[in-house]
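Please look through the sequence and the model below before reading on. The paragraphs that follow start from a single side chain and then widen to the chain as a whole.

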Amino acid sequence: MSALGLTILRIGFLVALWIFVLAVVLFMRRDIYGTRFGERRKVPKKKSKKTSGATPSPAPRQAPVPAHNAHVGRAPSLVVTDGALAGTTLPLGRSDIIVGRSPDSALVLNDTYSSSRHARFFLSQGVWWVEDLQSTNGTYINGQKITAPVQLQPGMGVTVGRTTMELRI
């Protein structure tokens, strides 16, 4: 093989080696720091066509969720009371609710203090429960760290990272 061919082969091998090293570093960085989230943008409100002192129209109503608790007629919901998503309401149905940073969570938190799959809210025998999913910083109910599933009562503050939420019926 000529000297030129051998030099080109060496340079090609060196480039392939550096591409491999950079791919490993980027993979490790993504694994350590988790999913990156962009800034949340607020959706602009639609302007009303009426301009002559009319009262604003009420917000559109959501489809009712069947009630699974003893309180018939009112659907249970998970309401964020403190944190970046304060005011967010998540209607509860029959399926489990996962809270965390993972994009496949029902409530996605843009919070470095929460784990990817931090806590789970679930319905068992008509009663709502919350459990910590072995998160790094823990899940707290009214300031007390939980280590096993805990039955939720309306108004109990559940803290996940920097976000506090409560069950409302």
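Does R168 count as buried, partly exposed or exposed? R168 counts as partly exposed, at 39% relative accessibility, where buried means under 20% relative accessible area, exposed means over 50%, and partly exposed lies in between (1.4 Å probe, protein chains only). This is a predicted model, in which local features need pLDDT of at least 70 and side-chain atom pairs count only at pLDDT 80 or more, while totals for chains, interfaces and linings use all residues. Residues are numbered from 1 along each chain as its sequence is written, and side-chain values use heavy atoms, with hydrogens and water left out.

The side chain of R168 meets that of E166 in a salt bridge, with 2.8 Å from N to O; the term stands for a side-chain nitrogen of Lys or Arg within 4 Å of a carboxyl oxygen of Asp or Glu. E166, in turn, is buried, with a relative accessible area of 17%. By this rule the count comes to three salt bridges.

The side chains of D96 and R120 meet in a salt bridge at 2.5 Å, N to O. Because D96 lies in the loop between β2 (89-91) and β3 (97-100) while R120 belongs to strand β5 (residues 119-124), this pair ties together parts that are 24 residues apart in sequence. D96 is partly exposed, with a relative accessible area of 37%.

R120 also forms a salt bridge with E131, again given as 2.5 Å from N to O. This pair links distant parts of the chain, with E131 in strand β6 (residues 127-132) and R120 in strand β5, 11 residues apart. E131 counts as buried at 17% relative accessibility.

Read along the sequence, the pattern is α-β-β-β-β-β-β-β-β-β-β-β. Buried residues make up 29% of the 169 residues in the chain. Among contacts (heavy atoms within 4.5 Å) between residues at least 6 apart in sequence, 41% join residues at least 24 apart.

Key: Helix = DSSP H or I, 4+ residues; strand = E, 2+ residues; numbered from the N terminus.
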